[in-house]
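Here is a friendly briefing to read with the model open beside you. Take a look at the structure below, then we will go through it topic by topic.

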Amino acid sequence: MLIPLIWQGSSFGVLSFRAFDPSAFGQHQIEIGKQIAGQIAGGIASAHQYSKLERESRERKQIAEISRIVNSTLDFDSVFTAFAEAARELVPFDRLAISMINAQNRKIYDAYVAGKMIPHGNSTGPLSLEESVLPTTVYEDHEVLVANAEELAERAKTDVTDGNRTRVAAGLISTMFVPVVLQGTIVGALVFRSFQPDPYHEVEVDLAKQIAVQIAGVIASTQQRSLLQTESAGRRKLAEEQSRIAEIGRIVSSTLDLDEVFSLVVEQVRELVPFDRLVIILLSEDRQTLIDEFVDGLGTKAGIRHDVGYNPLQLNVIESGTSFVSNSDDHRDFGSREFDKHLLALGLKSVLVSSLKWQKNVVGLLSFRSKEVHPYNDHEIELANQIGAQIAGAVSTSKQYQLLATSEASYRDIVESGHILVWRMDAEGRFSYVNKTVEDILGYSSGELIGALFWDLQPSQSRDLSEKHYKLRASNSERNSGETIYVTKSGSEVHLSFSSFPEFDADGNFLSSREIALDVTAERAALDDLKIQNAALEEAGDAVVILLPDTTIGYVNSAFVKQMGYSKAEVIGQPSSILRSSSSSDTTYENIWEVARQGNIWRGTIFSQRKDGTIFTIDASLSPVLAEDGSITSYVSIRRDVTERIQAERDRQVRAELDAQNQQLQEMNTQREEFFTTVSHELRTPLTAVTAFSDILSRNRAGNLTDGQLEQLNVIRRNSRSLINLVEDVLDMSRLNSRSIRIDLAALDVDAMVRSIGESLGPTAREREQTITIESNTKDVWINADKSRLIQVFSNLITNACKYSPKGSRINILTTTDGKSVEFCVVDSGYGMSAADLRSAFSPFYRSERDEIRAQSGTGLGMSISKTLVELHDGQIDVQSEINVGTTVTVKIPGVIPPPSPQN
């Protein structure tokens, strides 16, 4: 007989009666069944709704807790353990990994791992996305992918790497990949793995998505912080490199004789580009011969000369003005001369050759050789080019100087023309000759200079030292070079880089000093200004863009590169429109330029677009730079990314709304608990009376009741007891959910308790012609536990074993101990449970759909209450079952204590 369960006009279930008697159900029974259904429909519907609301409330609380954890600090490392434990309450896992993803360079690495640790399986990367175990659908389509046991086993066979195979081999047979996406860009992935074959379904997928939303911001922030640290270190390194390159320029411009400063140049170069042999190679005037002019390191040998064409690769560098790199020990094409073979025999495997350009002409080569394999990449090539640019002019000037020293005619040509200052001083330090360049730069005529002491033209604080040094030259035949300062006739100072050549007579007496110099005043001032300006712009936190009058991009700083994703080479020379976003109208940009072209500064908030297409919000300004005549020479734009600030404000509003909703849910949950407690107490009183009076009537002491009436009384008694059990179970569930149940721990004799339970349930078993056997290995074993609650647990388990086992079967109770805890096993040979039943065995109000189990009365709360009571004892409960074979329920309770003394 099937009676629909109807609540508030809707059918939500069926009340099923079955009997062996073919004529057991008539109209009268149907009416009674309808009345019973009407009585219990509201309670069952309310209980079902309560269970659903309670689960949803618990999930929202846990999501809010995860949000609180990840937003409580900027250091995600410090809260990852707490986050993992909170996530476990929503989505089961045996291993949880958070992978960081850089969508631009398509790199991924496992940043955080909790749970099962796998030797050689906890990669810190980074790997390319194609090499990772992350499926394409996750990082490209941003879709959650669930791979349970069978599917994951197949996937592991075809993986590019052995990542999945390693994890499956470790027992992690199921997985769920969840993308972590922020503003449309994937920044990471949550990977849940489980020992269970099929743990992830629609509910877990939805919860995992919510968890991913909560951590997206902190994952992106962690990545950004790491990127900023890396970029800061890069800027420091770049600044140091540029400082060393500038120092090379200072060194080589301080003298016309590079022999004197070559060792200093080598010291600086060694900190920039690795080498075991460094050679500055000069190209002859007729461009037919190469001379190894300066050499440092292995195979040191200067002065080697060879034809330009002896080495096709060097010839290619000279003709193209580009660089050549060979990061190996294979130099079949590099040169066949014996000296090249000698260098190879020394172990010099790798070569980098860069051209020396002066006034657009290649005047020589800069050659690095190393014992290392692959020491030279694009960065070293760029540094080599910058070093070459610094020394090329000095090399060229040095060549001119050498020609000057060896050829009087050439000397005269150079002296009287060009930008080189030339003068001669007698033994006393008086000018005896000056060229036209000296007159032009110092502002004195030759008549005013000839006969004047040279130190009188220097700043007052350096005159005494200059006089002393000059007089020491009488005993020193070596050439002297350096940098000095002269004061012009107008009172300004000029910086001169000079070299002096003393002259002696046949007897060794000091006669005079010939000197040549270059005016480096402008270079010094410009270099100082450029250093300051470049350092300020490159260290600025905001992006800086300098636009030419036609609005093309002329300069960007490092902050711009980080903000926009373009390299400097990609944007310099491009129109400023490439930075525009379609989210801002053309009218907006027209208004901005109208303000700037009128000579005014524009400030405001607009959208911009990165190289990868990402739209973001910036606070920007556009300022015109005016010449003396009022014309605009350029525009300066300063741009600050405020996307995170705006998003943070929105997140704060969302969190405030969530907090308000959580507070409302907590109040509703409290009201529901009070309602169920009140209703349960109100139901128990009339039910107790019905049960008591039906018991009295069923005794039939007056003998005036028919067999049919007695059977009806038995139905009333059974259903009354079932309702009382339901009320008690609901009360227990309410107490457990509100954490109002207390566990009163006391010393407990395990063996005595088990045998007492077996005896009390003996009549229940005998009614079904069943036998309860006890195999106790816990004699004289005591634990610290709540006796009444453990009796409630084991009585429920043994009653279930009796109910769901056929007549004549045996129920076995086994107890063992390992000295620390006690293990109880209730074993039956009953109907067993399917895999679906096992997954939901501890869910409140869950009952199997199988007919043989549905035929037995029950509330579906016993196993859930038992699990909670066991866990309140810090214990564990596990169910193993096979259909038509039987079920084994194992309970493990810790807290074994020594037996109390007799007097206690």
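Predicted model: local features only at pLDDT ≥ 70, side-chain atom pairs only at ≥ 80, totals over all residues.

Residues are numbered from 1 along each chain as its sequence is written, and side-chain values use heavy atoms, with hydrogens and water left out.

**Around Pro-899**

- Pro-899 sits in the segment that comes after strand S32 (896–897); helices (H or I, at least four residues) and strands (E, at least two) are DSSP runs, numbered from the N terminus.
- Setting aside neighbours within four places in sequence, Pro-899 is in contact with Asp-780 and Trp-782, where contact means heavy atoms within 4.5 Å.
- Leu-748 is 151 residues away from Pro-899 in sequence, yet their C-alpha atoms are 8.9 Å apart in space.

**The protein as a whole**

- There are 26 helices and 32 strands in the protein.
- Of its 904 residues, 42% are buried.
- Among contacts between residues at least 6 apart in sequence, 56% join residues at least 24 apart.
- The disulfide count is 0, a disulfide being a pair of cysteine sulfur atoms within 2.5 Å.
- Two of the cysteines to look at are Cys-802, buried at 1% relative accessibility, and Cys-825, buried with a relative accessible area of 16%.

**The mixed sheet**

- An open sheet is formed by 5 strands in the order S26-S28-S29-S31-S30, with mixed pairing; two strands pair if DSSP finds at least two bridges between them.
- Its edge strands are S26 (771–776) and S30 (876–882), each of which pairs on one side only.
- On average, neighbouring strands of this sheet are turned by 15° against each other, direction ignored; axes are lines fitted to C-alpha atoms, for helices over the stretch in contact, and angles run from 0 to 180 degrees between N-to-C directions.
- S26 pairs with S28 (residues 810–817) in the parallel sense over 6 bridges, and Ile-772 has Ile-811 in S28 as its bridge partner.
- Helix H21 (residues 750–760) packs on the sheet and touches S26, S28 and S29 (821–828), its direction making about 175° with that of S26.
- Helix H23 (residues 787–803) lies across S26, S28, S29 and S31 (886–894), and runs at about 20° to S29.

**The antiparallel sheet**

- Here 6 strands form an open sheet in the order S11-S10-S9-S14-S13-S12, and the pairing is antiparallel.
- S11 (305–307) and S12 (324–327) are the edge strands, each pairing on one side only.
- Neighbouring strands of this sheet are turned by 25° against each other on average, direction ignored.
- Strands S9 (residues 277–283) and S14 (residues 361–370) run antiparallel and are joined by 6 bridges, with Leu-278 opposite Phe-368 in S14.
- Helix H7 (residues 262–270) lies across S9, S10 (289–297) and S14, at about 75° to S10.
- Helix H8 (residues 312–320) also packs on the sheet, touching S9, S10, S11, S12, S13 (350–358) and S14, and its direction makes about 135° with that of S14.

**A helix pair**

- Helix H1 (residues 27–70) packs with helix H2 (residues 80–88) at an angle of about 170°, their axes 10 Å apart.
- H1 is therefore roughly antiparallel to H2, as angles under 35 degrees count as roughly parallel, over 145 as roughly antiparallel, 65 to 115 as roughly perpendicular and the rest as oblique.
- From H1, the contact is made by Gln-62, Ile-66, Ile-69 and Val-70, and from H2 by Ala-82, Phe-83, Ala-86 and Ala-87.

**Hairpin and positive phi**

- Strands S17 (residues 480–487) and S18 (residues 493–504) run antiparallel, joined by 8 bridges, and the bridge partner of Ile-485 in S18 is His-495.
- The hairpin of S17 and S18 has 5 residues between the strands, and Gly-491 in this hairpin takes a positive phi near 95°.
- Another positive phi, near 60°, belongs to Asp-874, which follows H26.
- Within H26 (residues 862–872), the buried residues include Met-863, Ile-865 and Leu-869.

Definitions and conventions. Buried < 20%, exposed > 50% of the residue type's maximum accessible area, 1.4 Å probe, protein only.
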